[in-house]
Amino acid sequence: MDIDSDVPLKPAPLSIRNGPLNDVSPPVNGTGKRKSRSSAGNVNYRQSDSDDGRSTKRQRKVIEDDSDSDVPIRSKARLPPAAEETAVAEESDDDIPLNQKLVNKRKSIEKAAEKEAKSIRSNESKPKKQASKKAAKEESDDDKPLSAAKSRKRATNGTKTGKSNGVKHEASDSDTPMRKRAKTTTPKAKAKSEQASGKRPPAKKAKQEPSEDPDAEDDEEEEYRWWDQTKSDDSIKWQTLEHNGVLFPPEYEPLPKNVKLIYNGTPVNLHIEAEEVAGFFGAMLNSTHNVENPVFQKNFFGDFRDVLKRTGGAKDRQGNKVDIKEFSKLDFQQIFEYYQGRSESKKARSKEEKAAEKAEKDRIEGPFMYCKWDGRKEKVGNFRVEPPGLFRGRGEHPKTGKVKLRVMPEQVTINIGKDAMVPPPPDGHKWKAVQHDNKATWLAMWQENINGAYKYVMLGAQSTVKGQADFKKFEKARELKKHIDRIRKDYERDLKADAMADRQRATAVYLIDRFALRAGNEKDTENEAETVGCCSLKFEHITLREPNTVIFDFLGKDSIRFYDEVTVDRQVFKNLRVFKKAPKKEGDDIFDRLTTSQLNKHLSSYMPGLTAKVFRTYNASYTMQRLLNEVKVKDRTVIEQMKIYNDCNREVAILCNHKRTVGATHEAQMEKLADRIKGLKYQVWRNKQMMLDLDPKLKKKKGAAFFELDSELDEAWILEHQNFLVEEQRTKIQKKFEKENQKLEEAGEKIMPDKELKERLKDADELAKKFKKENKTKKVEAEGKSPTVEKIEANVKKIEERARTVALQAADRDGNKEVALGTSKINYIDPRLTVVFANKFDVPIEKFFSKTLRDKFNWAIKSVGDDTEWQF
């Protein structure tokens with residue numbers, strides 16, 4: 001297609017995930033070996049960028065504004081834009097109205113973000129001028145100029161006094177104690193300040209609640225409310241630290257003598273170390289995805305042969321050496337059957353045996369589950385040392401199948417307080433080292449043998465340290481609000497920058513901001529899976545389609561395929577076309593003049609600590625905030641409120657590209673829900689017929705339509721459903737009978753005879769007869785004890801409400817079939833937004849956060865309190 005064609009441009013940016021490719025069928029990329037950035041270092045962007053081969057300099061006089069040239073944009077700036085670039089694409093949403101809607105919503109959100117950023121900076125600058133004038137006015141007659149001046153200086157040191165950070169609403173730099181300082185603010189002045197900011201001080205409100213209950217106050221005093229405090233030296237993580245080290249996996253249990261590895265039909269005896277490695281492979285024969293992978297087999301066999309050489313090799317029953325040379329001649333079936341038998345017997349344990357084993361497990365793990373961190377009891381996250389086994393890795397990892405060696409105490413370094421007792425290592429062993437680094441948050445560490453990576457024992461997700469890390473992450477994203485408009489304005493300008501490095505950087509930031517691409521890092525493809533991000537995109541990862549469509553296809557984080565078809569600004573499309581120009585080829589970098597560290601260094605010039613990954617958190621949280629603000633307070637059920645929240649969450653997940661493959665059981669689950677809804681509608685119809693049975697005159701009062709059968713319920717479905725109900729009742733009766741007999745048997749009492757079961761099953765037979773009669777007479781007799789029209793009508797309303805609830809759940813589940821809501825909710829949406837939504841619409845927080853997440857986000861729940869106005 002000619003670049004200057006009259007094809008109307010599609011709106012940008014827009015992501016058409018899993019959209020049609022028409023005639024373009026790009027292959028799955030990311031499997032090739034990564035080449036170094038020097039591979040495309042000889043690309044000359046100043047060479048003939050136009051199709052006719054004319055030099056760049058001569059093109060400066062050309063009026064055309066759609067070339068790929070790297071000429072200074074200043075010479076072109078005076079020219080009016082082409083009609084194609086300013087025209088509104090009226091028909092662009094014919095085939096994708098939903099995505100068009102999302103684009104319009106994103107544009108409005110970006111405009112709101114720009115307006116808010118300017119407002120924040122404007123508000124922050126005002127107190128400085130007012131404070132300086134006030135200082136000049138009061139300087140001559142102030143009896144306490146030193147304290148007053150000190151207070152005023154702190155108020156204007158780049159931070160607005162009373163500015164909400166989501167937890168506190170007062171400046172914390174003053175040397176005055178918090179309680180005393182609180183008394184100096186009158187309730188009226190404080191209320192006025194809160195009204196002006198549109199936010200409540202949740203932390204303060206949370207402190208007032210315990211005063212009503214002395215016991216609750218004691219509990220609050222025991223809880224460490226770190227979000228209500230300020231810390232001067234953030235580099236010091238702890239003053240005292242005590243813990244019990246790590247829990248090592250149990251020793252290997254040798255196979256029974258009759259269970260052998262078979263090589264070329266011959267059972268072989270192995271050294272215990274080699275036998276353990278053979279067991280790793282044999283135990284997972286049912287994992288065909290791994291054991292049938294040629295790379296997995298090759299890596300395992302290589303390590304297995306090394307162990308054999310080190311331990312004396314394999315021998316037959318007569319003691320003769322057996323040289324194991326070919327993987328294909330190995331037979332692990334006996335080993336597999338042995339471990340499968342153990343697994344089945346474990347499942348068949350009695351209730352008492354399971355309880356006893358759990359009690360023993362809890363006794364062993366108990367001492368390692370908690371530590372003392374600055375005198376507080378904190379839960380440890382991963383205190384278990386990973387057992388030996390076969391490395392699997394994610395995606396097409398080049399080292400999959402290699403043997404993970406057993407970690408010994410001599411490899412473990414302990415980090416603990418100077419005055420604390422060092423935990424003793426297992427008998428006969430010693431620690432690699434013991435250190436007292438209070439700037440580190442890990443308790444123990446060691447280096448694994450596969451990739452040479454360091455493994456750390458850290459505190460649990462609900463710990464103070466993890467909570468503070470989450471809090472800082474979201475506060476950093478909130479700070480980005482002040483700068484986002486300048487950043488976007490700058491990178492939009494630099495999309496036409498003279499210097500190619502600046503143009504590449506601007507394009508990368510555009511993609512990261514608009515499409516939530518991860519920054520990406522260089523990787524050692526010999527040791528790590530070939531996964532990429534924005535800065536490490538290769539030539540083959542991007543396909544361009546005129547006029548402004550970009551198709552991404554690569555392996556992203558965790559080796560999950562990232563496929564997305566997006567529409568971008570025309571200048572971005574032109575830039576990417578330039579970045580792919582010959583002599584670049586497959587394996588060459590798109591952004592060959594940009595690295596992740598250079599990108600982050602540039603971003604930090606706008607805001608300290610700003611990196612590419614902050615954009616994902618900011619965009620997710622800010623978008624969620626705007627979407628939730630649009631939700632009006634109405635009288636809805638809890639299920640309806642949850643669906644509204646999930647709909648907002650879904651839009652954020654789409655923004656962040658948090659996708660998942662449709663589960664194999666999804667269609668079956670949806671069919672099951674649809675049948676359940678039909679079943680409830682059938683119950684409604686039967687109950688209405690019971691009302692007619694009691695009072696035939698109701699048909700005239702309520703109208704015939706009220707008693708009609710739902711159009712979705714045909715005769716064939718009703719007969720099938722009635723059979724289902726009868727069989728369901730039979731199954732329930734039988735299971736209850738078996739359970740009661742099991743209890744009698746465990747108690748040593750006589751079990752009930754089969755005659756009793758047959759007697760009970762008569763109820764199901766009676767139900768079948770009742771349905772048969774109803775189908776014949778088209779009438780339903782009233783059921784229940786002393787039935788009345790009022791009782792049955794109330795029951796109808798309850799069943800109809802249940803049907804609406806199930807319908808909402810079905811719609812929600814179907815909407816989430818390709819979107820992973822949990823990733824955005826847990827990692828990228830500020831949890832305080834969820835708490836505020838729960839408060840505002842009277843939805844229990846348990847409906848959004850599980851017990852684990854409530855512990856993880858305890859700081860968010862407690863800091864917000866009952867606030868319904870907090871804003872990201």
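Modeller: Helix 14 passes helix 18 in a left-handed crossing. A crossing is called left-handed if the near helix is turned anticlockwise from the far one by less than a right angle, and right-handed if the turn is clockwise. Helices here are DSSP runs of H or I with at least four residues, strands are runs of E with at least two, and both are numbered from the N terminus. The model is a predicted one, in which local features need a pLDDT of at least 70 and side-chain atom pairs count only at pLDDT 80 or more, while totals for chains, interfaces and linings use all residues. Residues are numbered from 1 along each chain as its sequence is written, and side-chain values use heavy atoms, with hydrogens and water left out.

The two helices cover residues 484-494 (helix 14) and 612-629 (helix 18); their axes come within 13 Å and cross at roughly 120°. This angle makes helix 14 oblique to helix 18. Axes are lines fitted to C-alpha atoms, for helices over the stretch in contact, and angles run from 0 to 180 degrees between N-to-C directions. Angles under 35 degrees count as roughly parallel, over 145 as roughly antiparallel, 65 to 115 as roughly perpendicular, and the rest as oblique.

Which residues make the contact between helix 14 and helix 18? Ile484, Ile487 and Arg488 of helix 14 meet Phe615, Tyr618 and Asn619 of helix 18. By class, this contact has four nonpolar, one polar and one charged residues. In this classification Ala, Val, Leu, Ile, Met, Phe, Trp, Tyr, Cys and Pro are nonpolar, Asp, Glu, Lys and Arg are charged, and the others, Gly among them, are polar. Contact means heavy atoms within 4.5 Å. An α-helix has 3.6 residues a turn, so residues three or four places apart point the same way.

Asp494 also belongs to helix 14. Is Asp494 buried or exposed? With a relative accessibility of 13%, Asp494 counts as buried. The word buried means under 20% relative accessible area, exposed means over 50%, and partly exposed lies in between (1.4 Å probe, protein chains only). Leaving aside residues up to four places away in sequence, Asp494 touches Asp502, Arg503, Arg505 and Ala506.

Helix 15, residues 500-515, is one of the elements against which the buried residues of helix 16 pack; the others are strand 16 (542-545) and strand 17 (549-555). Ten of the ten residues of helix 16 (570-579) are buried, so this helix is largely enclosed by the rest of the structure. Among these buried residues are Arg570, Lys574 and Arg577, as well as Val572, Phe573 and Leu576.

One joins Glu546 and Pro547, with omega about 0°, and Pro547 is placed in the loop between strand 16 and strand 17. Another joins Ala582 and Pro583, with omega about 15°; Pro583 lies in the loop between helix 16 and helix 17 (596-604).

Strands pair if DSSP finds at least two bridges between them. Strand 12 (residues 413-415) runs parallel to strand 13, and three bridges join them. Asn415 has Gln435 in strand 13 as its bridge partner.

Another open sheet has three strands in the order 2-8-9, with antiparallel pairing. Strand 2 (241-242) and strand 9 (376-379) stand at its edges with a single partner strand each, so one side of each is left without a neighbour in the sheet. Strand 8 (residues 370-373) pairs with strand 9 over four bridges in the antiparallel sense, and Tyr370 has Lys379 in strand 9 as its bridge partner.
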